[in-house]
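Have the structure open as you read.

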Amino acid sequence: MLKIAAVILLCAVACNADCGTLQRLKVKSQWSEAFGFSTDREAFGTALWKAIFAQAPEARDLFKRVHGEDVHSPDFQAHSMRVMSGLDQCISLLDDEATLNAQLAHLNGQHDDRQIPSNYYDVFGEALFQVVPAQLGRCFDSDAWHACFDVIAQGIKA
Amino acid sequence: MKILAFLALVALFAYAHADCMCSADDIKVVLENWESVWGAGFTGKRVAIMQAVFADLFAHHAEAEELFTRVNVAHPDSPEFKAHCVRIGNGLDMALNELADPATLDSALHHLADQHARREGVRHAHFMFMEDSFDRVLPQVIPHFNHDAWDSCYEKIAEGISSGLPA
């Protein structure tokens, strides 16, 4: 009985993992591996947006200005790389909290007047948790990613 | 006559090389050089390198400093300026990684050109000054830094962003 309680407790701790120092380091290194270079990076970005629009097709309307109807168009690809690069900035700063907060405040200002429904940040996260493991395979640390993505998303939509 | 032929040859050689600016081989070398210090694993490197680039820029062109008052340039170790450093470096990182996809690069450079055109006082020459600063800083952190490949690809990106700006 005690053993079961201990296992349940352990799971509760693991399942509600914080975005602590070690988790931040792991997410940073897993991201840099998944992010890749050049045309591989573009393909990774395309996969992310396909996963986003598959969950929330109506979200395409937010991206009319950058040709969201065609994820392969140059304007949308360039937009995709801007977003990925913004995420890359945040992840790379996970272990420099003061600078991270300055960057999140900057991104918060950029997203302020775009009227983005709050649940789209969850959609983005879900898409990320699909395409990053597709790049990394089994070593993807789901708990660390959930906890640390939450820190970034909260900062942008705060 | 021999001299003329020689000059013609030199001109032809120069033309052929100008034509090969930022070739596929150059892109490969530049990305290998750059990503060895810019991967997301390296927060400290990113900030330190861009702080050094800006410090070098201001040491040679003090008047450029006033363009960055909005991001607290007076305190280069402030979170605001460090975040700015990461944004600038990441803008370049993004363009470097789009070099192999010209249509996407073109769209991205147009977007960056618009962003810079809105900033009062930014001139085409500033992008050339930045090139000199990168050329002085990057060899200090990147072993076997290839100047020729870097310059040819950097200039392609810088021209796309700054060609419409005042000289």
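Is Cys22(B) buried or exposed? Cys22(B) has a relative accessible area of 5%, and since buried means under 20%, Cys22(B) is buried.

Keep in mind that this is a predicted model. The model scores ipTM 0.84 and pTM 0.87. Chain B has a mean pLDDT of 91. Within chain B, confidence is lowest in helix H1 (residues 2-19), with a mean of 59, and highest in helix H6 (residues 124-141), at 98. Where pLDDT is low, the predicted coordinates should not be read in detail.

**The disulfides**

A disulfide is a covalent bond between the sulfur atoms of two cysteines. Over all chains, the structure holds two disulfides:

| Disulfide | S to S distance |
|---|---|
| Cys19(A) to Cys148(A) | 2.1 Å |
| Cys22(B) to Cys153(B) | 2.1 Å |

The second pair links distant parts of chain B: Cys22(B) sits in the loop between H1 and helix H2 (24-38), and Cys153(B) in helix H7 (residues 147-162), 131 residues apart. The torsion about the S-S bond of Cys22(B) and Cys153(B) is about 95°, so this disulfide is right-handed. Cys153(B) is buried, at 0% relative accessibility.

In chain A, Cys148(A) is buried at 1% relative accessible area. Cys90(A) is buried too, also at 1%, but its sulfur lies 12 Å from the closest cysteine sulfur, in Cys19(A), which is too far for a bond.

**A site from the record**

The unreviewed UniProt entry lists His116(B) under "binding site". His116(B) lies in helix H5 (residues 102-117) of chain B and is partly exposed, with a relative accessible area of 23%.

Terms used: Residues numbered from 1 in each chain as written. Chains lettered and ligands numbered in written order. Predicted model: local features only at pLDDT ≥ 70, side-chain atom pairs only at ≥ 80, totals over all residues. Heavy atoms only, no water. UniProt positions renumbered as here; feature names shortened; annotations may be inferred. Helix = DSSP H or I, 4+ residues; strand = E, 2+ residues; numbered from the N terminus. Buried < 20%, exposed > 50% of the residue type's maximum accessible area, 1.4 Å probe, protein only. pLDDT = per-residue confidence, 0-100. Disulfide = S-S within 2.5 Å.
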